Each structure stands twice: as C-alpha cells, then as structure tokens.
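Dear colleague,

I am handing over the structure below, and after it I set out what was found. Please read the notes with the coordinates open beside them.

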Amino acid sequence: EQREPLLDRVEPVLDVSRDEEHVARAATGELYREFLRAHSMSAGLYVLEPGATDPQSPHGQDEAYYVVSGRARFTCAGEDREVATGDVLFVPAHVEHRFHAIEERLSLLVVFAPPEG
C-alpha cells in the first residue's frame, strides 16, 4: 500500500523566507509568528532581541524549542541554564518558563502539541 506524503496534507500558515519573516515580524512588533498548523501540533518562530524581556506565561500545551540562533539563559520550573544555537528544550504544559539575559538575537523554532490556542 502506498501512502500519501504527510507534507501534502499540512498547509503552511506562512509561505515566506526567513529573511522576509524577520522583516514582517519586526514591522508588526510580533515576537511569535506561527507558520504551520495541523490537528495535532503547531509550529512557529519566536524571536527575542538582545536585552528583551520574554513576556510569555505558561501554555496549556507541551512545547519544544529548538534554538536556531542566539544565546541567552532559560529558566523552567525554577531551574536555570544557558542556551545557545542547536539546543533543544522541552517544557511540559502549564509549567512556568522564560528566556532572559539575552546576549544575541534569540531565534527559536517552537512546536506546540496539541496546537496552541
């Protein structure tokens, strides 16, 4: 039995290059921009500038972060650690977490399961 490729069944929310995404996000002041949504998960780009305050509060979904670029500190459930390009972080639903002491623009791929919102 031949299966359909999964990517044929998932519609991207945005269809722009990373450079175009940074320009669009900066123009609107958005920190998070969703670019993919399926029934079981959503994904987006979350960007924080050096010295910025991370305004997020706990979410009702599990989430994973992949650090695309940048350096900062990350506090989750009272534990603090340094994060940098290539790191992967997991945050269970409803757990307090925050990025801080952002030294370089922090670009994060964020995956929520189930979808945020």
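A residue is called buried when its relative accessible area is under 20%, exposed when that area is over 50%, and partly exposed in between. By that scale E30, with a relative accessible area of 30%, is partly exposed. Please keep in mind throughout that this is a predicted model.

E30 is also one end of a salt bridge, its partner being R33, and the closest N and O atoms of this pair are 3.3 Å apart. In general, side chains of opposite charge can pair when their charged atoms come close. A further salt bridge joins E34 to R37, where the closest N and O atoms lie 2.8 Å apart. The two ends of this pair fall in separate classes, since E34 is buried, at a relative accessible area of 18%, whereas R37 is partly exposed, at 36%.

R71, E103 and E104, in turn, are linked with one another in a network of salt bridges. The count of salt bridges in the model comes to eight, and those described here are among them.

Turning to the strands, which of them does strand 1 pair with, and in what sense? Strand 1, which covers residues 32-37, pairs with strand 2 in the antiparallel sense, over five bridges. The two form a hairpin, with four residues between them, and within this pairing L36 stands opposite A43 of strand 2. Strand 2 is also joined to strand 6, which covers residues 97-113, by seven bridges, and these two strands again run antiparallel. In that pairing, L45 has L109 of strand 6 as its bridge partner.

Why is strand 2 described as largely enclosed by the rest of the structure? The reason is that seven of the seven residues in this strand, which spans residues 42-48, are buried, and for each of them that means a relative accessible area under 20%. The burial holds for both faces of strand 2, as S42, G44, Y46 and L48 are buried on one side, while A43, L45 and V47 are buried on the other.

With kind regards

Conventions:
Residues numbered from 1 in each chain as written. Predicted model: local features only at pLDDT ≥ 70, side-chain atom pairs only at ≥ 80, totals over all residues. Heavy atoms only, no water. Buried < 20%, exposed > 50% of the residue type's maximum accessible area, 1.4 Å probe, protein only. Pairing = 2+ DSSP bridges. Salt bridge = Lys/Arg side-chain N within 4 Å of Asp/Glu carboxyl O.
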